[in-house]
Amino acid sequence: MIIANMATYPKRSDILKETLPKIADQVDRLNLVLNEYEEIPDWLADVPSVVPVIPETDLKDVGKFLPSIPASAQAVFLVDDDLVYPEDYVAKSLKRLDQLGQIRAVMGYHYSIYRAPRPIDQGRAYKRDVIHFGKPRGKFRYVDQLGSGTAVLRPSDLPPLDYMQGSQKFVDVRLARWCFEQGIAQIAAPRSEQWIVNAPVEETIFETFTLTFPENVDDEILSFAFKRDTINQEVFADSSHAS
């Protein structure tokens, strides 16, 4: 069984009608967490794989970690309501996850590398390089932090909701911290240019929050940044795993 988890809210209702079916058609079950909703939209009944859930409180993007995952699941895809996934997204991602073999890892396509600050970065705790999912990459690479909207993992590596609570708007950082603490690698996978694209929305978490992380988020970043010597290195020495 292939599972996808997505969280959304009413302001995204129009774009959701465009983005949701594209990924829902590729999985056996898509758990849709409906933050701020009072009732389940009728149109979701036309998407058979969707299992809608209205949480007791607004979990925002932490909602992706609310649904329980059956033991029979082969993989879990964490997906966003404002991304357009290609029709071969799940099939190719499962193939790439398979290529990692016995490596315990969360795999994804959007990632960050943290570097120690330079003298010119006075007052900053780190320098962050963000590699957008729209840019082509041909190798598997160890990274500090994956974007949870393009992440795929094995069910046993999914952090519990209790661990993710309180990380609204910075779930990527909390997920990276979980991986570091659990000895789980974060690996960016090969992809072609513009294979995944942004849907047009009025605002994103990146624009309203991520550009200026508060101090408590910086503290979480520093709990795992600069602590692994494999970061930004290729996972495989040969090119046979690039596809």
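This is a predicted model: local features need pLDDT of at least 70, side-chain atom pairs count only at pLDDT 80 or more; totals for chains, interfaces and linings use all residues.
**β4 and its partners**
- Strand β1 (residues 2-8) runs parallel to β4, and six bridges link the pair.
- Within that pairing, Ile3 sits opposite Val76 in β4.
- β4 also pairs with strand β11 (residues 150-153), this time antiparallel, through four bridges.
- Here Val79 faces Thr150 in β11.

**Helix α1**
- Helix α1 (residues 13-24) has 12 residues, which at 1.5 Å a residue should span 16 Å; the end C-alpha atoms are 15 Å apart, and that agrees.
- Which residues of α1 are buried? They are Ile15, Leu16, Thr19, Leu20, Ile23 and Ala24.
- Looking down the axis of α1, you'd find these buried residues within an arc of 130°, so they line one face of the helix.
- An α-helix has 3.6 residues a turn, so residues three or four places apart point the same way.
- Asp14 and Glu18 are exposed on the other side of α1.
- The cover over the buried residues of α1 includes β4 again, along with β1, β2 (29-34), β3 (50-53), β5 (83-84) and α2 (89-99).

**The open sheet**
- Three strands make up an open, antiparallel sheet in the order β8-β7-β10.
- β8 (127-131) and β10 (145-146) are the edge strands, each with a single partner, so one side of each has no neighbour in the sheet.
- Two bridges connect β7 (residues 111-115) to β10, and Ser112 stands across from Gln145 in β10.

Technical notes: Residues are numbered from 1 along each chain as its sequence is written. Side-chain values use heavy atoms; hydrogens and water are left out. Two strands pair if DSSP finds at least two bridges between them. The expected span of a helix is 1.5 Å times one less than its number of residues. Buried means under 20% relative accessible area, exposed over 50%, partly exposed in between (1.4 Å probe, protein chains only). The arc is that of the directions from the helix axis to the C-beta atoms. Contact means heavy atoms within 4.5 Å.
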